[in-house]
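Subject: Handover of a structure and its findings

Dear colleague,

I am passing the structure below to you, together with a summary of what was found in it. Please read the summary with the structure open beside it.

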Amino acid sequence: MKLALMHPRDIIASIMKRLYGYGMTTTSGGNLSIMDSDGNIWISPGGVDKGTLTAQDIIKVKPDGSTEGIHNPSSEFPFHRSIYELRPDVKAILHAHPSALVAFSIASRVPNIDLLPMAHEICGDIGFAPYEVPGSQKLGDAVSKVFAEGANCILLENHGTVTAGANLLEAFIRFETLDYLARIQIKAEALGIPRPLEESTIRKSCVRNPELPEFIPAGHSPRECELRSEMVKFINRSYSQMLAYSTGGTFSTRVSGNSFLITPTGFDRLNVLPGDLVLVQDGYREMGKRNSRAAGFCRDIYAKHDWIEALIIAKPPNIMAFGVTGIAPDTRTIPESYIMLRDIPAISCVEHYDNPGAVSELLSPSSPVVLVQNDCLIVAASSMLQAFDRLEVAEFTATSLLSATRLGGLHPITEEQVSELIEAFKLPV
Ligand SMILES: [Zn+2]
């Protein structure tokens with residue numbers, strides 16, 4: 001989304017479509033607003049089906065309070081206006097009632113941002129506003145007071161959540177990250193005891209690797225172009241299946257030798273195009289593009305492992321429920337899981353940050369998937385298709401394991417049955 005070139009009503013309609021499409025709001029719930037440079041507030045209407053909202057439905061509220069549009073502004077307009085008054089840096093606000101965050105708001109808790117470094121980085125501290133009647137100025141005062149204290153994400157007691165940003169995509173990314181964290185924590189608490197990270201570890205995760213130096217490619221081979229299209233297909237698919245989120249999830253494919261493609265940093269995964277992917281060659285990045293911060297990590301893995309042609313680094317929510325509790329997902333439960341994933345070794349965040357080569361040491365044809373606790377799942381494969389398949393199987397497996405835990409526990413297959421699988425499917429040992 002090139003926000004600077006889009007009209008506020010188009011941005012609001014686009015983000016609302018995304019929210020509704022991913023089950024993060026109901027037909028009647030949720031409202032979005034943008035303050036433009038003239039002080040007008042563009043806001044979604046009340047009483048209109050959010051599943052079919054279009055740009056024409058968006059209302060403009062002028063600084064004098066008069067409105068333009070075919071509907072009435074959302075009944076929650078008072079807290080949008082109050083936040084803009086108290087936080088001049090805020091130019092967009094998102095409010096919705098996604099079920100996981102509502103669960104926290106009903107329980108008078110906020111998700112623990114120390115479970116995942118990226119949540120800490122994207123959301124910051126989470127505020128909590130006391131219950132008031134929806135649409136009332138009292139609610140507006142309570143919500144804006146918490147934002148005035150510096151929070152960009154807050155939970156409303158017995159109600160829902162509000163996030164803010166310098167633009168609506170930033171507010172949406174904060175909202176999506178918070179919802180994702182809430183879903184992980186709920187699953188993790190059903191599984192065991194979530195283990196938050198120390199502040200020193202979170203600080204390490206925020207350290208940016210220096211950008212690779214640039215080069216101008218002599219050309220782009222048909223193979224490279226083909227790989228770009230294939231990668232985009234799987235990046236988009238991983239987003240639509242909630243295996244990755246807006247700015248999370250690194251995808252990479254080897255083009256040849258020391259040359260590989262990788263996702264750009266900070267790019268919306270839903271809208272990434274083949275030309276946005278970054279070619280890295282002999283330690284240099286394609287001129288004018290910013291590579292994922294994992295580029296050096298991927299380069300070292302490709303250099304060490306001839307058998308690896310594709311890598312995915314992602315945080316699927318059910319796998320990460322295991323990742324934040326330190327409990328290993330047991331793949332010796334159904335044949336498909338063991339054949340595709342084998343055993344999944346895990347290492348701590350601290351070990352991963354202190355020794356980036358540790359994951360590479362664990363990877364092998366008989367161990368193609370590694371779980372970095374509180375951080376990510378790393379999947380290696382001989383093609384992007386196989387990497388994506390493994391990512392999906394890992395998440396499906398974790399989902400089944402979580403359900404089986406509630407159904408009375410797991411009954412893994414025996415050592416002998418595992419040996420039969422290795423022999424029958426000629427699995428590498
Ligand atoms: Zn509401």
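The chain is divided into two parts, domain 1 (3-191) and domain 2 (223-424). Please bear in mind that this is a predicted model. The centres of the two domains, taken over C-alpha atoms, are separated by 32 Å.

The meeting of the domains

Where the domains touch, 15 residues of domain 1 are in contact with 18 residues of domain 2. On the side of domain 1 that touches domain 2, the elements that give two or more residues are helix 4 (117-123) and helix 6. Helix 6 gives the most, with 11 residues. By class, the residues on this side of domain 1 are 11 nonpolar, one polar and three charged.

Strand 3 (residues 59-61) runs antiparallel to strand 4, and two bridges join them. In this pair, K60 stands opposite E68 of strand 4.

Helix 3 (residues 99-106) packs against helix 6 (residues 168-191) at an angle of about 70 degrees, and their axes are 8 Å apart. Helix 3 and helix 6 are therefore roughly perpendicular to each other. The crossing of helix 3 past helix 6 is left-handed. Helix 3 contributes A100, L101, A103 and F104 to the contact, while helix 6 contributes L178, D179, A182, R183 and I186. This contact has seven nonpolar residues, no polar residues and two charged residues.

Helix 2 (residues 77-86) and helix 5 (residues 137-148) also pack together, at an angle of about 35 degrees and with their axes 8 Å apart. Their crossing is right-handed. From helix 2, the residues P78, F79, R81, S82, I83 and L86 take part, and they meet Q137, L139, G140, D141, V143, S144, F147 and A148 of helix 5. The contact of helix 2 with helix 5 divides into eight nonpolar, four polar and two charged residues.

Another open sheet is formed by nine strands in the order 9-13-12-11-10-14-17-16-15, and its pairing is mixed. Its edge strands are strand 9 (214-215) and strand 15 (346-347), each of which pairs on one side only. Strand 15 runs parallel to strand 16 (residues 369-372), and two bridges join them. Here I347 stands opposite V372 of strand 16.

Helix 8 (residues 222-240) touches strand 10 (250-256), strand 11 (259-262), strand 12 (278-281) and strand 14 (310-314), and its direction makes about 165 degrees with that of strand 10. Helix 9 (residues 295-304) touches strand 10, strand 11, strand 12, strand 13 (284-286) and strand 14, and its direction makes about 140 degrees with that of strand 11.

Strand 10 and strand 11 run antiparallel and are joined by four bridges. S256 has S259 of strand 11 as its bridge partner. These two strands form a hairpin with two residues between them, and G257 in the turn has a positive phi of about 50 degrees. Strand 11 in turn pairs with strand 12 in the antiparallel sense, over four bridges. The bridge partner of L261 in strand 12 is L279.

Helix 8 and helix 14

Helix 8 also meets helix 14 (residues 384-406): their axes come within 10 Å and cross at roughly 10 degrees. Helix 8 and helix 14 are therefore roughly parallel to each other. On helix 8 the residues E230, M231, F234 and S238 are involved, and on helix 14 they meet M384, F388 and L391. By class, five residues of this contact are nonpolar, one is polar and one is charged.

With kind regards

Note on methods. Residues numbered from 1 in each chain as written. Predicted model: local features only at pLDDT ≥ 70, side-chain atom pairs only at ≥ 80, totals over all residues. Axes fitted to C-alpha atoms, helices over the stretch in contact; angles between N-to-C directions. Parallel < 35°, antiparallel > 145°, perpendicular 65-115°, else oblique. Left-handed = near helix turned anticlockwise from the far one by under 90°. Contact = placed C-beta atoms within 7 Å. Nonpolar A, V, L, I, M, F, W, Y, C, P; charged D, E, K, R; others polar. Pairing = 2+ DSSP bridges. Domains from an automatic or database assignment.
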